[in-house]
Amino acid sequence: MLYLEVTSHAEKVDSVMLYITVISLIFLIGITATMLYFVYKYNRKRNPEAKNIHGNFWLEFVWIVIPTILVLTMFYYGYVGYKDIKADPGEDALTVRAVAQMWKWEFVYENGKKSDTLYVPSGKPVRLLLVSLDVNHSLYIPAYRVKQDVVLGTTNKLIIYPEKTGDYDIACAEYCGLKHSMMYTKLRVVDENNFNDWYAKK
Ligand SMILES: [Cu+2]
């Protein structure tokens with residue numbers, strides 16, 4: 001790929017993106033070429049009299065079946081990626097409540113620990129429970145290719161699988177007022193020992 005992917009989910013999302021872009025490009029070039037060819041072939045000088053065509057079963061069959069199959073494959077790959085961030089990872093996952101409010105994030109852990117940075121251990125799934133205290137927000141981690149709305153009155157779920165250690169941006173991706181564009185924080189992925197030390201500290 002063109003740039004480094006930090007999770008296998010990000011890799012999948014980028015592949016789907018590439019797949020859809022390539023199919024769209026092939027159609028763009030094909031349709032434009034056909035259109036130009038028809039403009040040339042059927043202009044008034046060459047074809048002074050218009051002919052009516054009433055139908056062509058096989059042509060219609062092909063242009064319905066091929067796009068349907070292509071769109072279904074796009075849907076399938078999208079669905080596989082969607083399952084990653086929605087299917088519950090089970091007992092050994094770390095659960096963190098992500099609390100959004102104008103214009104900051106707070107992360108609350110199972111032992112009561114609170115942080116404005118999202119600390120997570122690498123190699124362990126994290127179940128984020130997203131809640132809002134005021135208006136709608138959206139938790140967006142560009143490097144992970146995940147984004148989920150944080151809706152007032154509901155608890156939305158987002159599953160992430162941190163792999164490579166490092167710092168990654170977390171942004172708010174739903175316009176939520178004056179300082180929306182400053183509603184940034186970090187996802188900090190550390191190895192398990194470092195995480196346990198941090199987690200145990202008051
Ligand atoms: Cu926001």
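The following legends describe close-up views of a predicted model.

**View A. The open five-stranded sheet.** The sheet comprises 5 strands in the order β3-β2-β1-β5-β8, and its pairing is mixed. Strands β3 (114-115) and β8 (156-160) stand at the edges; each has a single partner strand, so one side of each is left without a neighbour in the sheet.

**View B. The pairing of β1 with β2.** Residues 94-101 form strand β1 and residues 104-109 form strand β2; the two run in the antiparallel sense and are joined over 6 bridges. Glutamine 101 has lysine 104, in β2, as its bridge partner. In a regular strand, side chains alternate between the two faces of the sheet.

**View C. The surroundings of proline 89.** Proline 89 lies in the loop between α2 (57-86) and β1. Because 16 C-beta neighbours fall inside 10 Å, proline 89 counts as partly exposed. Leaving aside residues up to four places away in sequence, proline 89 touches Pro125, Arg127 and Ile159. Tyrosine 161 is 72 residues from proline 89 in sequence, while their C-alpha atoms are 9.4 Å apart in space.

**View D. Strand β10 and its pairing with β4 and β9.** Strand β10 (residues 184-190) pairs with strand β4 (residues 118-121) in the parallel sense, over 4 bridges. Within this pairing, proline 121 has valine 190 of β10 as its bridge partner. With strand β9 (residues 166-172), β10 pairs in the antiparallel sense over 6 bridges. Here isoleucine 170 stands opposite threonine 185 in β10.

Notes: Residues numbered from 1 in each chain as written. Predicted model: local features only at pLDDT ≥ 70, side-chain atom pairs only at ≥ 80, totals over all residues. Pairing = 2+ DSSP bridges. Buried ≥ 20, exposed ≤ 12 C-beta atoms within 10 Å, placed from the backbone. Contact = placed C-beta atoms within 7 Å.
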